[in-house]
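Keep the structure open beside the text as you read.

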Amino acid sequence: MTASKKFERRALRSVKRAASQMEVGRARSGDVMAPTACGHCGKVLDGASHREGHRPKPGHLCVCTGCGGFNLFGSDLQLSALQDDDVRAMGEDYFAEMSVLRSMIRGMRPS
Ligand SMILES: [Zn+2]
């Protein structure tokens with residue numbers, strides 16, 4: 001097995017573990033998060049999931065369920081688009097995990 005394949009498998013295991021710990025949230029009466037648009041595709045997102053709950057905080061990364069694009073929650077919890085290099089700067093392992101998550105989201109989209 002190549003080193004990159006091992007890295008990919010490790011990242012996938014990590015994402016699956018994180019996903020199993022997530023609380024999947026859906027906004028009800030605005031108690032989860034105020035609707036905010038993806039900085040890439042404009043889809044309005046009104047719910048979030050995170051391994052520590054589903055209430056986003058400023059500085060959290062968001063992977064859009066519409067396009068898989070990376071976004072950052074700002075101080076007002078509005079989203080701004082991030083590029084791959086922005087996420088890579090947060091750490092190669094983190095970038096690998098988020099890339100696997102993005103691929104999973106893109107794979108779930110209806111064609
Ligand atoms: Zn999007």
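**Starting from one bridge**

Phe-73 has Leu-79 of S7 as its bridge partner. Helices and strands here are DSSP runs (H or I of at least four residues for helices, E of at least two for strands), numbered from the N terminus. Before going further, note that this is a predicted model, so local features need pLDDT of at least 70 and side-chain atom pairs count only at pLDDT 80 or more, while totals for chains, interfaces and linings use all residues. Residues are numbered from 1 along each chain as its sequence is written.

Back to the strands. S6 covers residues 70–73 and pairs with S7 in the antiparallel sense over 3 bridges; two strands count as paired if DSSP finds at least two bridges between them. Asn-71 sits opposite Ala-81 in S7. S5 is joined to S6 by 3 bridges as well, again antiparallel, and there Val-63 faces Phe-70 in S6. Put together, the 3 strands make an open, antiparallel sheet in the order S5-S6-S7. S5 (61–63) and S7 (79–81) are the edge strands, each pairing on one side only. From one strand to the next the twist averages 40°, with axes taken as lines fitted to C-alpha atoms (for helices, over the stretch in contact) and angles running from 0 to 180 degrees between N-to-C directions.

Now for the turns. The hairpin of S5 and S6 leaves 6 residues between the strands, and Gly-68 in its turn has a positive phi of about 80°. The hairpin of S6 and S7 has 5 residues between its strands, and in this one Leu-77 takes a positive phi near 65°.

Leaving out neighbours within four places in sequence, Leu-77 is in contact with Met-33, Ala-34, Thr-36, Pro-56 and Pro-58, where contact means C-beta atoms, placed from the backbone, within 7 Å. Pro-35 is 42 residues away from Leu-77 along the chain, yet their C-alpha atoms are separated by 9.4 Å.

What lies across the sheet? Helix H3 (residues 92–108) lies across S5 and S6, running at about 30° to S5.

Finally, the whole chain. The protein has 3 helices and 7 strands, in the order α-β-β-β-β-β-β-β-α-α from the N terminus. Of its 111 residues, 17% count as buried. Mean pLDDT (the predictor's confidence in each residue, from 0 to 100) is 80, and 71% of the residues reach 70 or more. Over residues 21–31 pLDDT stays under 50, and the model has 19 contacts beyond four places in sequence for that stretch.

Key:
Two residues are in contact if their C-beta atoms, placed from the backbone, lie within 7 Å. A residue is buried if 20 or more other C-beta atoms lie within 10 Å of its own, exposed if 12 or fewer, and partly exposed in between; C-beta atoms are placed from the backbone.
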